[in-house]
Amino acid sequence: MLDPDLRSLISQVSWESKRNTKTSIAGRFQRRSRGKGLDFHEVRPYQFGDDVRYIDWNVTSRTGDLQIKEFETEENYSVLIFLDISHSMKSQKRRSAFQIALFLTLLHLKESNSVRLVFFSDSVKHISKKIRRDEDAFFEIQKFWKTPSHSKEEKTNFTKVFEKIFPMFSSLQITYWISDFSGFNGFYPHQRPVQNWEQFGVWVDFPEVEEPLPIYFKIFSLFHSEGETSLNWKSNFKSEKEAFESTFRKNQFFIDPSKKLRNQILQLFPSQ
C-alpha cells in the first residue's frame with residue numbers, strides 16, 4: 001500500500017530532538033516513559049529503586065531472580081490526521097493524500113504514538129478508532145481509498161469539522177490537515193492558534209500558474225477546484241493561500257501530486 005521509497009524513508013526519519021526540524025514539535029515526539037500506568041509493557045529484571053509492589057512473583061519463582069512488571073505510562077502523544085475526501089480531492093491528489101496519511105500514521109506508530117484518522121468534506125464523515133498497530137492503519141486507510149469522492153455540491157467546511165472534533169479531543173494533539181484547501185478561510189471564527197493542538201497543514205495540489213494568461217484565454221473559465229462556475233476567470237488561490245499561511249504559519253507544507261513524494265515529505269525534516 002505504501003510506496004516502497006516512502007517505506008524505506010520511515011526507517012531513516014527520526015522524530016528525536018536531535019533532528020533540526022522546522023517546527024516546535026522537535027523533541028515533543030518521544031517514546032513512552034516507563035513506570036506505572038494502564039498498559040502492560042513487559043517483565044524485566046528488578047533494578048535497585050524499583051517499586052517492590054510490582055514484582056512479578058510467579059516469574060520470579062520460575063527464574064530464581066527478582067522480576068518486575070513494567071507498564072507504559074499514558075505520556076505518549078495522540079495524533080489526528082484529517083483527510084479531505086471532497087469532490088476536488090481526486091485522481092493524483094487523492095493518491096498523494098493517501099500516501100502521505102499512511103506514511104505519517106506508520107511513522108507515528110513507530111514512535112509509539114496513537115493515531116486517529118478523520119475523513120471529512122462538508123462535515124465529518126468518519127472517525128477511526130485509535131490506531132496502535134500497522135495492521136489497523138492499513139485497514140482504516142483503505143476506507144479512505146475506497147470511499148468515493150463526494151459530490152461537488154458538498155463544499156469542504158473546515159470550520160464545521162473543527163467545531164465537531166475539537167470538543168472531542170481538546171487535550172494535547174498533534175494534528176495534520178491533508179487537503180487542497182479549496183475554499184479555506186481559516187477555522188473562522190476560531191482564528192487564534194489552539195493551545196493544545198500542534199497543527200500542521202499539508203496542502204496537496206498542483207502549482208498555481210502565476211504568469212498572466214494571454215487575453216484570449218480569459219474567455220475560458222479558470223475553474224475553482226470544487227466549483228463549476230463558468231466564465232469566472234478569477235482564482236481564489238490568493239485568498240486561500242493567505243488564510244492557509246496565517247493559520248499554519250511555520251507548520252505549512254506544499255505537496256505537488258505530479259512529483260515524487262519522497263523528497264517533498266523530507267521538507268518536514270530539513271537537514272541541519
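Modeller: Start with the largest cavity, lined by I100, F103, L104, Y176, V202, F253, I255, Q264, I265, Q267 and L268. Helix 3 (91-110), strand 9 (252-255) and helix 7 (261-265) each give two or more residues to that lining. Helix 3 gives the largest share, three residues. Helices (H or I, at least four residues) and strands (E, at least two) are DSSP runs, numbered from the N terminus.

Modeller: This is a predicted model; local features need pLDDT of at least 70, side-chain atom pairs count only at pLDDT 80 or more, and totals for chains, interfaces and linings use all residues. Residues are numbered from 1 along each chain as its sequence is written, and side-chain values use heavy atoms, with hydrogens and water left out.

Biologist: How many cavities of 30 Å³ or more does the structure hold?

Modeller: The general idea is that rolling a probe the size of a water molecule over the atoms shows where empty space is left. On a 1 Å grid over the protein atoms alone, a cavity is a set of points where a 1.4 Å probe fits but cannot get out, and lining residues have an atom within 4 Å of a point. Here there are two cavities of 30 Å³ or more. Volume means the space filled by probe spheres set on the points, which are joined across faces, edges and corners.

Biologist: Which residues touch the most other members of the largest nonpolar core?

Modeller: In soluble globular proteins, nonpolar side chains tend to be buried together. A nonpolar core is a set of buried Ala, Val, Leu, Ile, Met, Phe, Trp, Tyr and Cys residues joined through side-chain atoms within 4.5 Å. In this model the largest core has 39 residues, and I81, L83, I100, F103, L104, I178 and I265 touch the most other members. Helix 3 gives the most to this core, ten residues. Apart from that core lies another, of 18 residues, including V118 and F184.

Biologist: Is D84 buried or exposed?

Modeller: Buried means under 20% relative accessible area, exposed over 50%, partly exposed in between (1.4 Å probe, protein chains only). D84 has 1% relative accessibility, so D84 counts as buried. D84 sits in strand 4 (residues 78-84).

Biologist: What is D84 in contact with, leaving aside neighbours within four places in sequence?

Modeller: Contact means heavy atoms within 4.5 Å. The partners of D84 are M89, F120, S121, F144, T156, I178, S179 and D180.

Definitions and conventions:
1 Å grid on protein atoms, 1.4 Å probe; cavity = no way out; pocket = protein on both sides within 12 Å on 5 of 7 lines; lining within 4 Å.
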